[in-house]
Amino acid sequence: MRSACCAITGCPFARLLLVLLTALLAACSSSRVVLLDAGSAGQGLCLTTAAGELALSEVNSCAQVRSASSRPQVRQLSAVEVDARYGALIDQAPLPPVSFLLYFTTGGTDLQPASRELLPQIEQAIVRRVPCAVNIIGHSDRTGSREYNVALSLRRAQAVQRWLESRNLDVLAVSVESYGEEDPLVPTADNVAEPRNRRVELLIR
């Protein structure tokens, strides 16, 4: 049977249940889109068909598209309905990316104690997403020259990379970058020691 056709735009961090524009579009005369959340900015998404545009912004709102020329019909699903209908499918979906910040001692590659305590949590986040990719980005504050800080930031990122490799996790790819003092969390004047800028960012996806 022919399926409905629609375009979907919106917040790139919103979680959708396109139920599932892989299964339903292939076998059914209608399609269903469920907004599981609206992202951190609460932006939702927009469905576009030949009949016009329709915004979905409420969590668990469901739009049914019966044909390319008809306006989607929207209703609100309860959390119980979402779990009963789509729970198994949601459980199979990849987890969203997650990021962590690790902070370092002045001028070195030793983690601050609070950051060291985060390592088991980071490992668990990777285990839950394997196979996954990890991006490691080193940063520094503005004490020292730019060249020195680029090298220091790289050593910090490489220290985290060595820790990651020691865990023998099923990671598809690891990238290591160094931004030096160029991307501070807290902008400062030159030669100001700022602990929050002495960091490594990890993005797990």
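**Notes on the salt bridges and the sheet**

1. Let's start with aspartate 190: at 44% relative accessibility, this residue counts as partly exposed. That label covers the range between buried, under 20% relative accessible area, and exposed, over 50% (1.4 Å probe, protein chains only).

2. A quick word on the source: this is a predicted model, where local features need pLDDT of at least 70, side-chain atom pairs count only at pLDDT 80 or more, and totals for chains, interfaces and linings use all residues. Residues are numbered from 1 along each chain as its sequence is written, and side-chain values use heavy atoms, with hydrogens and water left out.

3. Who partners aspartate 190? Its side chain meets that of arginine 142 in a salt bridge, 3.9 Å from N to O. Aspartate 190 sits in the loop between β10 (171–178) and β11 (199–204), and arginine 142 in the loop between β9 (132–138) and α5 (146–166), so the pair ties together parts 48 residues apart in sequence. The cut-off for a salt bridge is a side-chain nitrogen of Lys or Arg within 4 Å of a carboxyl oxygen of Asp or Glu. Helices (H or I, at least four residues) and strands (E, at least two) are DSSP runs, numbered from the N terminus. Arginine 142 is partly exposed too, at 23%.

4. Glutamate 181 and arginine 146 make another salt bridge, at 3.8 Å from N to O. This pair also links distant parts of the chain, with glutamate 181 in the loop between β10 and β11 and arginine 146 in helix α5, 35 residues apart. Glutamate 181 is buried at 8%, while arginine 146 is exposed at 52%.

5. Now zoom out a bit: Arg142, Arg146, Glu181, Glu182 and Asp190 are linked in a network of salt bridges. The whole structure has 9 salt bridges. One of them joins glutamate 194 to arginine 196, with the closest N and O atoms 3.0 Å apart; here glutamate 194 is buried at 12% and arginine 196 partly exposed at 46%.

6. On to the sheet. It is open, with 4 strands in the order β8-β11-β9-β10 and mixed pairing (two strands pair if DSSP finds at least two bridges between them). β8 (98–103) and β10 are the edge strands, each pairing on one side only. β9 and β10 run parallel over 7 bridges, and asparagine 135 stands opposite serine 175 in β10.

7. Finally, the helices. Helix α4 (residues 119–129) packs on the sheet, touching β8, β9, β10 and β11, at about 155° to the direction of β8. α5 touches β8, β9, β10 and β11 as well, at about 160° to β10. Contact means heavy atoms within 4.5 Å; axes are lines fitted to C-alpha atoms, for helices over the stretch in contact, with angles from 0 to 180 degrees between N-to-C directions.
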